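Please read them with the coordinates open.

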Amino acid sequence: MPNVSMTVNGKAVSAEVEPRTLLVQFLREKLSLTGTHVGCDTSQCGACVVHINGKSVKACTTLALQNEGAEVTTIEGLAQNGEMHPMQAAFKEHHGLQCGFCTPGMVMSAIDLVKTHPNPDEKTIREGLEGNICRCTGYQNIVKAVKTAADNMGG
Amino acid sequence: MYDFNYHRPGSVDEAVGLINEDAKLLAGGQSLLPTMKLRLAQPSDVIDLGGIPGLSDISVDGSTVTIGATATHASVAASSAVAGAIPALADLASGIGDTQVRNVGTIGGSVANADPAADYPAAVLGLGATVHTNSRTIAADDFFTGIFETALAENEILTKVSFPVPEAAAYVKFANPASRYAIVGVFVAKTSDGVRVAVTGAGGSVFRASGMEAALNANFSASALDGIAVASDDLNNDLHASAEYRAHLVSVMAKRAVQAAGG
Amino acid sequence: MSSETGIGASVRRKEDKRFLTGKGRYLDDINRPGQAYGVFLRSPHAFAKIKSIDTAEAGKAPGVVAIYTGADLAADGIGGLICGWAITSKDGEPHKAPAHPAIAVDTVRHVGDQVAFVIADSLAEAKDAAELIEVDYEELTPVVSGADALASGAPQVHDDVPGNLCYDWELGDQAAVDAAFAAAAHVTKMDIYNNRLVPNAMEPRAAIGDFDSGTDEIVLYTTSQNPHVARLVLSAFVGIAPEHKLRVIAPDVGGGFGSKIFIYAEETVCAWAARKIDRPVKWTAERSESFLSDAHGRDHHTTAELAMDANGKFLGLRVNTVANMGAYLSTFATSVPSYLYATLLAGQYTTPAIYANVKAVFTNTAPVDAYRGAGRPEATYVVERMVERAARDLGISPVELRKRNFIAPDAYPYETPVIMTYDSGNYPLNMDTALKLIDYDGYAARKAESESRGKKRGIGFSSFIEACGIAPSAAVGSLGAGVGLWESAQVRFNPTGGVTVFTGSHSHGQGHETTFAQLITEHLGVPIENVEISHGDTGKVPFGMGTYGSRSLAVGGSAIMRAVDKIVEKGKKVAAHLMEASVEDIEHANGVFKVAGTDKQVTMAEVAFAAYVPHNYPPDLEPGMDETAFYDPTNFTFPAGTHIAEVEIDPETGVVEVVDWAASDDFGNVINPMIVEGQIHGGVAQGIGQALLENAVYDSETGQLLTGSYMDYTMPRADDFPSLKVETTNTPCPGNPLGVKGCGEAGAIAAPAALMNAITDALGVEIDMPATREKVWRAAQTVQQAAE
């Protein structure tokens, strides 16, 4: 089996994988980083979104081997010294999650959104989250959370 | 998915050498991998073009925008050079899939895959682009040959697409609310050689609406399209839209594209 | 009063940290030592005889541990899946309950029906092997719509169910309704379809069976809203293991909306197979599998007639519904189109005579069961579209027509003609509040402005009611339920003053870990960070009936309050002893015990410590501070409200934009307003999804599910909605100690009618759900052509 090496949440990792191993499987099964979820099989729900080299990507639609040498950040890598990332904190403050299953992907997408749109209006946020499906919240509090986080992140 | 041999060649030539009958080229993988995950494709070899230096370059000279095969939709959408030369192209790229798909999906993958509901084929045909491969160039009008079919030979790799800069252009998409692919997408370009209207999503493959082109050549304004419609006979008719509705939408989207292009 | 963390405070959720940092523990995140992986081979056909299954090749594939078919389950005496609610047809016959094997034995009855279970060392190997199984099918002609299934000569889904009729049930006084129609000045009639939905909780269903051959105990990890019910059914009816040797754990569960109430084939097979191979077996659904195998929702065809006098006063309502049950009866399927539906047909109105006839039918589609609202959305949809249509027919404003017929705020308790006794409410107040929120006075100007841009604007109302807090055991027992619908709670003080509450209500998004903790903080003065809510494990929680029907707070919360009462009662005895007073003189408030009329007091923490370190302790009192209570409600609760939708339609394309939404809901007392508002947002989003986007479509000839993935089944996204304007009113529920009514389903119940009424208002013609863009475009064309 081929070997793949990458940096995940700041840590160098390396493992043998079947070529068909998706990045999300690599994270969940090899690294036990189970915060990245799988909610569909057609690359639409966004529960699996992680950052690869700083950009949000659906980890269910990229092979582990494609990411040789990449810098990967998952939901587990956001909090620093026990402090939640401003986006995580804003989701809590505004009740932007209910069952929590879509939340990791939603948060990772939202951070990327604020990076590309530092001062997003409601329309930009709603459209920018089209790659993430939430069944619980109706999105309203997610939108509020993203707006607040954008403000707090210095947008 | 089924297992396969994975290759990550360092050059186009090396990639060409790896091709066999059952191999698949992976550019961004945003269409290929979902198909493989559902076990609808079983390639023996997957040849990842993502590691080939220079293949994702974007360049603009006075009259041509050239985009490398592995340039992502996000990079095209974010390119100020592209936006300056052909804003409609950057705009089209910014509306493909979702942010995460755009961060990985590539123009080469999209054009070579020739999904009948994909956006890029409308730009390629609408702008009269030239498709470059490792061995030749192919005019847009000769490139798309059917449902998921192109003029590419088995051992041929799309390397870049060059788009002539039009006088004006716009793309308007009516997206499927579920998949967000085009139910109908219309790319209208006013070029020095005349107006081109390319339609995606509506038929088995992207096609040009010649009746509309003629009308717009006479008068580049939305009202010139009054009463002009594409025939619904050959259009897709499915759960999401009847052929009749699609035909109607082609006219509406075409008018909106003409307006957006300043007509 | 702990105002910042007690009742009425928008306490930020205690459970959020783990979900936000990737530390939630959902089922697929769990792996057991030595675990094998299971994959179901599913039927590609809607209806076929299985002539043979050849597993020889598959059995030899790498990594394969075992392959099981329906015959293996039958050989082990494993029973089929059950339906736990008995409905009696109008001719006195019990409903038809055909066999529902966890793996098909000789016939497959819907696409996705289980045919074989392949277990291998890895998931990929199990999938590879499943493809090697050869099944010889004899295809039969399927039937997919409820109406078609009732037609003479329709394919017979089950040999032992003539005419595919599960039951033909009625409720109400038919003669009184006939008389009302005979006396009517006006009758409004409509055919109404309530479209089939796929629940689509974001976490796909999953299960792990784990058998301990040393203790003979099976632990089933499963994505369940009600682990104790799963244990009961799997033990008593399916025969997996005795209840005391079966532990069911539902860890963090990623949404349910009803779809995870039911006892499914897959978890049954995992629990059974784990013992067979003496290894843990894990199965996780892929989304495309969820589409085929999760119980679907709705799918009612209804004809309704409303009789009115000359002033628009409702005289009688006659409803005929055909409910599609799918191929088999899911766990509570029979109750949904009967007692959870027809009992709400009075809506918020004084309609004196109501008669409903419901035919439940089998088809070659996935089973249909409760989905957010379960019967009550279907009832509200019928009533509220009828009311709005009647208003148009009579030329009366829909607001005015509703107000003429609302049950008056002073009329409670109010007995409806369909066996419900509404306990409290103020329907006109909700209407007026919602009208203000939407700025009804400014609507005409907004409509004119839309029209100036070539757009059509519409406004629509829905004054919904539901029966929640399910439910009084005696009531549901008399109506056919096979179980009691009480709830239990255990409140355990630890010696150092922290509290663990064990509840049978399962939280899968509702925020119980916060709301329930607020009850303890409010009543026992324990800081909220010192309260832990434990749920979802039959090995920890004494008993429970689970989470559905917006019952968690009204029933589960009330059980906690009963346990709190017992804690206080015991605490008083300890406090009396500690302060050398008599128990009668001890007063308790907010975790402090006082001797009446003195300044002597002890805290709950001191009392709890004394109870566990009983060095100086009353001789006639048990040590410990740990109380369990059961609560069985005396009535349903009746949340109600008015939602108003405003839409703008592009007639050129049929695109409907929901431009504004106002909701005024009465949920009784509210413990955590932030969480309640979130429930409304989510419910309305699902309701808008049903009305505008979502539709489970089977091919009428082949029985294939045409909308089997997110490529074809439209899930609502963030850009499909405006920001909703939500307010609550409050007539406290007199039926439970908390005065609460339940809020989980309201949005999904209210929204579809409001939105469809708005679209109808804009278009001027009626269309059915979902209001797809093409349907709306065609309707707009028709209206335009008629005008020209």
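This is a predicted model: local features need pLDDT of at least 70, side-chain atom pairs count only at pLDDT 80 or more; totals for chains, interfaces and linings use all residues.

The points below go from the chain contacts to the domains, and then to local features.

1. Local features are discussed where pLDDT is at least 70, and side-chain atom pairs count only at pLDDT 80 or more. Totals for chains and interfaces use all residues, whatever their confidence.

2. Chain C against chain A. The contact involves 42 residues of chain C and 43 residues of chain A. On the chain C side, helix 1 (16-20), helix 9 (287-293) and helix 18 (673-693) each give two or more residues. Helix 18 of chain C has the largest share, with seven residues. Sorted by class, the chain C side holds 17 nonpolar, 14 polar and 11 charged residues.

3. Chain B against chain A. Here 22 residues come from chain B and 23 residues from chain A. Two or more residues of the chain B side are supplied by each of strand 1 (5-7), helix 2 (32-37), strand 3 (45-48) and helix 6 (99-102) of chain B. The classes on that side are 10 nonpolar, seven polar and five charged.

4. Domains of chain A. The domain assignment divides chain A into domain 1 (3-77) and domain 2 (86-152). Their C-alpha centres are 21 Å apart. In the contact between them, 15 residues of domain 1 of chain A meet 12 residues of domain 2 of chain A. Strand 3 and strand 4 of chain A are the elements that give two or more residues to the domain 1 side, and strand 3 of chain A gives the largest share, three residues. By class, the domain 1 side has six nonpolar, eight polar and one charged residues.

5. Asn53(A) sits in the loop between strand 3 (49-52) and strand 4 (55-58) of chain A. Its phi is positive, about 50°, although Asn53(A) is not a glycine. Most residues other than glycine have a negative phi.

6. Domains of chain C. Three domains are assigned: domain 1 (16-22 + 486-631), domain 2 (31-140 + 202-255 + 260-293) and domain 3 (300-470 + 635-787). Each is built from more than one stretch of the chain, as the bounds show. The C-alpha centres of domain 1 and domain 2 of chain C lie 39 Å apart. Between these two, 14 residues of domain 1 of chain C are in contact with 15 residues of domain 2 of chain C. The domain 1 side has three nonpolar, 10 polar and one charged residues.

7. The five-stranded sheet of chain C. Which strands form the edges of the sheet? The sheet is open and mixed, with the order 7-15-14-13-8 in chain C, and its edge strands are strand 7 (165-172) and strand 8 (186-194) of chain C, each pairing on one side only. Neighbouring strands are turned by 10° against each other on average, direction ignored. Strand 13 (residues 300-308) and strand 14 (residues 314-326) of chain C run antiparallel and are joined by nine bridges. One pairing to check is that of His300(C), whose bridge partner in strand 14 of chain C is Ala323(C). Helix 10 (residues 376-394) of chain C packs on this sheet and touches strand 8, strand 13 and strand 14 of chain C. The direction of helix 10 makes about 140° with that of strand 8 of chain C.

8. A helix pair in chain C. Helix 11 (residues 398-405) and helix 12 (residues 427-438) of chain C pack at about 160°, with their axes 10 Å apart. An angle over 145 degrees counts as roughly antiparallel, so helix 11 and helix 12 of chain C are roughly antiparallel to each other. The crossing is left-handed. Helix 11 of chain C contributes Val399(C), Arg402(C) and Lys403(C), and helix 12 of chain C contributes Pro428(C), Met431(C) and Leu435(C). That contact has four nonpolar, no polar and two charged residues.

9. Cis peptide bonds in chain C. Most peptide bonds are trans. A cis bond joins Ile470(C) and Ala471(C), with omega about -5°. Ala471(C) is in the loop between strand 18 (456-465) and helix 14 (473-478) of chain C. Another cis bond joins Met769(C) and Pro770(C), with omega about -10°. Pro770(C) lies in the loop between helix 19 (746-763) and helix 20 (773-787) of chain C.

Methods: Residues are numbered from 1 along each chain as its sequence is written. Chains are lettered from A and ligands numbered from 1 in the order in which they are written. Domain bounds come from an automatic or database domain assignment. Two residues are in contact if their C-beta atoms, placed from the backbone, lie within 7 Å. Ala, Val, Leu, Ile, Met, Phe, Trp, Tyr, Cys and Pro count as nonpolar, Asp, Glu, Lys and Arg as charged, and the others, Gly among them, as polar. Axes are lines fitted to C-alpha atoms, for helices over the stretch in contact, and angles run from 0 to 180 degrees between N-to-C directions. Helices (H or I, at least four residues) and strands (E, at least two) are DSSP runs, numbered from the N terminus. Angles under 35 degrees count as roughly parallel, over 145 as roughly antiparallel, 65 to 115 as roughly perpendicular and the rest as oblique. A crossing is left-handed if the near helix is turned anticlockwise from the far one by less than a right angle, and right-handed if clockwise. Two strands pair if DSSP finds at least two bridges between them.
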